[in-house]
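Subject: Structure handover

Hi,

Here is the structure I promised to pass on. My notes follow below it.

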Amino acid sequence: MNHRSPAVDRRIFVLFSIIIIIGGTLLLSTLIFPGEPPLFCTESITDEFVPSTTTSMQLDAILHYATRQIVPQQSINEIMVSFDVLLSISPCNFLVYGLGHDSLMWASFNPNGKTLFLEEDPMWVRSVLKTSPDLHVAIVNYQTKLSEADKLLKTYRSELECAPWKGIRGNTRCKLALSSLPEEVFDHEWDMIMIDAPRGYFDDAPGRMGAIYSAAVMARNRKKSGVTHVFLHDVDRKVEKAYAEEFLCRKYLKNGVGRLWHFEIPPAENVTDSNARYC
């Protein structure tokens, strides 16, 4: 039987997080800046300055997780799924639904890329930015409630504006479309989308229906080459699982670890087809 205290478990997780960040920094430096001097010196130190490829945010992340007991919401095995993808595509456009204790980690894994966090709670945003002011965050107002999830799933097909080729920008007819997202979201194509928010564990919470639907629309309307990587957390919950199967599609499910599913969604071949479906 394991008799370790929660505090010990937290310290072990922090240690693993630091190792991941440092290892990621080394690997990303090699992948993104081939031919540049190594991050750590392998020869004797000289008076000549050796430039480092480490970003200030990565250094902040190492310090942050080394000096705090609060750890990321996802397990280390779940984190590694997204981390491996970031290693292969960073720098990239990375959209994250939710601002949490893991946000500085995610941003540091995408050096020189664009990472935008979407958060519903202004007070929480101010709290996080006090310790991590370099994070790029936008506040979002969600119009749905978790209690509406079943009804929205049953009725969206009868609304033409909810078709995948209609998009979400300015789309006020489809109740699932997050039409009020900041313009910055619509101005970029996102290579990677992580959905770990908004809140979805009580009836009056916004639920993740709109976030999942909108991620699917963005992915299907992609103009760039390649797939859109979509990560959905808390798939053990009824709504997340049902909406994932409806909009993100089992056939695009690439990996699943713990409570995290990873989808690779290709652009729709004929996105203007009025008969198009998500799956």
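Let me start with helix H3. Its buried residues are Glu 78, Ile 79, Val 81, Ser 82, Phe 83, Val 85, Leu 86 and Leu 87. Bear in mind that this is a predicted model. H3 covers residues 76-89. At 1.5 Å a residue, its 14 residues should span 20 Å, and the end C-alpha atoms are 20 Å apart, so the two agree.

**Overall**

The protein chain has nine helices and seven strands. It runs to 279 residues, and 48% of them count as buried. Take the contacts with a separation of 6 or more: residues 24 or more positions apart account for 69% of them.

**Cores**

The largest nonpolar core holds 47 residues. Tyr 97, Leu 181, Tyr 213, Tyr 243 and Phe 247 have the most contacts inside it. Helix H8 (residues 209-220) gives the most to this core: nine residues. There is also a second, separate core of 24 residues, with Val 85, Leu 87, Phe 109 and Met 194 among them. As background, nonpolar side chains tend to be buried together in soluble globular proteins.

What does Tyr 213 touch, leaving aside neighbours within four places in sequence? Its contacts are Glu 161, Cys 162, Ala 163, Ile 168, Cys 174, Leu 176, Ala 177, Phe 247 and Tyr 278.

Ser 214 is also found in H8. Its relative accessible area is 0%, so Ser 214 is buried. Not counting residues up to four places away in sequence, Ser 214 touches Tyr 97, Ile 168, Leu 176, Ala 177 and Leu 178.

**An exposed lysine**

Lys 175 sits in the loop between helix H6 (149-155) and helix H7 (183-186). Its relative accessible area is 63%; the cut-off for exposed is over 50%, so Lys 175 is exposed. Beyond residues up to four places away in sequence, Lys 175 touches Thr 144, Leu 152 and Cys 162. Lys 175 and Thr 144 are 31 residues apart along the chain, yet their C-alpha atoms are separated by 7.6 Å.

**Helix H9 and what follows**

In H9 (residues 238-248), Val 239, Glu 240, Tyr 243, Ala 244, Glu 246, Phe 247 and Leu 248 are buried. Their cover includes H6, H8, strand E5 (228-233) and strand E7 (260-265). Cys 249 follows H9 and lies in the loop between H9 and strand E6 (253-257). At 1% relative accessibility, Cys 249 counts as buried.

**Backbone points to check**

Most residues other than glycine have a negative phi, and most peptide bonds are trans. These are the exceptions I noted.

- Cys 249 has a positive phi, near 80°.
- Asp 234 has a positive phi, near 70°. Asp 234 is in the loop between E5 and H9, and is buried at 7% relative accessible area.
- The peptide bond from Ser 90 to Pro 91 is cis, with omega near 0°. Pro 91 is in the loop between H3 and E1.
- The peptide bond from Ala 197 to Pro 198 is cis, with omega near 5°. Pro 198 is in the loop between strand E4 (192-195) and H8.

The largest pocket has a volume of about 430 Å³. It is lined by 26 residues, and Gln 73, Leu 99, Asp 196, Ala 197 and Arg 208 are the closest to its centre. Strand E1 (93-97), helix H4 (103-108) and strand E2 (114-119) are the elements that give two or more residues to the lining. By type, the lining divides into ten nonpolar, six polar and ten charged residues.

Best wishes

Definitions and conventions: Residues numbered from 1 in each chain as written. Heavy atoms only, no water. Core = buried A, V, L, I, M, F, W, Y, C linked by side-chain atoms within 4.5 Å. Buried < 20%, exposed > 50% of the residue type's maximum accessible area, 1.4 Å probe, protein only. Helix = DSSP H or I, 4+ residues; strand = E, 2+ residues; numbered from the N terminus. Contact = heavy atoms within 4.5 Å. Expected span 1.5 Å × (residues − 1). 1 Å grid on protein atoms, 1.4 Å probe; cavity = no way out; pocket = protein on both sides within 12 Å on 5 of 7 lines; lining within 4 Å. Points joined across faces, edges and corners; volume = space filled by probe spheres on them. Nonpolar A, V, L, I, M, F, W, Y, C, P; charged D, E, K, R; others polar.
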